[in-house]
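I wrote down each thing I looked up.

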Amino acid sequence: MPISPPLPERAQQLLAQLERYASRESGQIAVGRRLLENHPDLPLAGFAISSSISPEPGRPQHSLILRVDEHDTAAIAAWAHALGTEPVIDGARHQLDTALDGIGIWGTATIPEADYDMDRAAFIPSGDDVSFTHRGLLVTEIGEDGDLLFSAHPPMREVLAATSAYYRHTCGQRLRPFDGHALADSIKRGWARCVAYPTRTEWQIRRATEDTPGALPVTWMYAQDGRTQDLGSVEHCPACGRPSRGLDYDRVSGQRVHVCPSPACLHKWPVDDTPSPAADDHRHDSEALATR
């Protein structure tokens with residue numbers, strides 16, 4: 001629902017809130033007061049402030065964020081026109097991005113999903129849209145559990161290889177089976193639409209049927225069904241001699257341990273945290289230099 005222009009007493013409250021958090025030296029308070037005085041008829045729910053230690057070239061160091069209803073794109077347009085500019089439209093998101101007296105003025109609102117043409121927003125992702133590519137496969141991480149989404153329906157061995165490569169090179173970890181489940185059991189195939197909502201850079205994946213317009217074949221790897229291990233330097237298992245980079249914690253002592261990857265062995269041995277002679281000599285040399 002659009003927000004009505006603030007009443008005079010509400011305008012004073014907004015200014016008081018801004019004065020509580022902003023510094024007068026930055027100029028944000030003066031600009032906020034000017035906006036309230038010059039445009040009392042425009043919707044405004046509040047202010048927020050932003051400052052950058054190292055702003056990008058041509059960008060203000062201090063900014064004032066105008067808060068309006070999250071879906072009130074008309075308010076963003078009204079503020080943009082009042083400040084002599086046009087709103088920046090990126091998909092369903094409308095942004096105000098300008099400056100006044102050296103202070104950045106910024107605001108945003110998004111068209112609701114119900115009012116947006118989601119069919120036109122469906123697209124086919126490319127390598128620029130995903131997290132990782134492996135041998136032609138497009139891979140992107142979805143959710144917060146490390147699950148992966150693959151384009152198409154590749155063979156299971158390719159999914160497992162790409163999953164291993166992603167966790168090794170991007171996460172620095174190894175994904176292992178958990179509680180007797182094989183990783184292959186976590187692979188599911190289906191159809192979905194990739195939707196550029198609210199923007200192409202913040203696209204979403206929506207499950208669909210094969211006959212849905214814009215639907216694409218996809219493969220899910222439910223990585224939360226596995227167990228991750230950090231990767232260390234290559235060590236050889238003292239029990240079977242197999243090379244290993246897997247690291248874990250001993251459940252009893254809590255000590256960091258290496259883990260043999262062989263299913264027939266699974267031997268664990270302590271991580272040697274003792275510095276090498278070369279590293280120890282380097283440390284002593286540094287201490288000597290510091291005392292000179």
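The entries below cover a sheet, its helices, the cysteines and some backbone details.

**Entry 1: the model.** I noted before anything else that this is a predicted model.

**Entry 2: the sheet.** In what order do the strands of the five-stranded open sheet run? I read the order as β1-β2-β5-β4-β3, and the pairing is mixed. At the edges I found β1 (46-51) and β3 (88-90), each of which pairs on one side only. From one strand to the next, the twist averages 25°. As background, I wrote that strands of a sheet pair through backbone hydrogen bonds, either parallel or antiparallel.

Entry 3: I then looked up β4 (residues 93-100) and β5 (residues 103-110). These two strands pair in the antiparallel sense, over eight bridges. Within this part of the sheet, I103 in β5 is the bridge partner of L100.

**Entry 4: helices on the sheet.** Which strands does helix α2 touch? I found that α2 (residues 28-38) packs on the sheet and touches β1, β2 (62-67), β4 and β5. The direction of α2 makes about 35° with that of β2. I also looked up helix α3 (residues 73-82), which lies across β2, β4 and β5. Helix α3 runs at about 25° to β4.

**Entry 5: cysteines.** How many disulfides does a search of the whole structure find? I got zero. I checked C237 and C265 to see why. The sulfur of C237 has its closest cysteine sulfur in C265, 3.8 Å away, so the two are too far apart for a bond. The cut-off I needed here is 2.5 Å between the sulfur atoms.

**Entry 6: a cis peptide bond.** I found that the peptide bond from Y197 to P198 is cis, with omega near 0°. P198 sits in the loop between β11 (187-195) and β12 (204-208).

Entry 7: Where is R135, buried or exposed? I found R135 exposed, at 76% relative accessibility, in the loop between β7 (132-134) and β8 (137-142). R135 is not a glycine, yet its phi is positive, about 50°. A152 lies in the loop between β9 (147-151) and α5 (156-169), and it is partly exposed, with a relative accessible area of 34%.

Terms used:
Residues numbered from 1 in each chain as written. Predicted model: local features only at pLDDT ≥ 70, side-chain atom pairs only at ≥ 80, totals over all residues. Heavy atoms only, no water. Helix = DSSP H or I, 4+ residues; strand = E, 2+ residues; numbered from the N terminus. Buried < 20%, exposed > 50% of the residue type's maximum accessible area, 1.4 Å probe, protein only. Pairing = 2+ DSSP bridges. Axes fitted to C-alpha atoms, helices over the stretch in contact; angles between N-to-C directions. Contact = heavy atoms within 4.5 Å.
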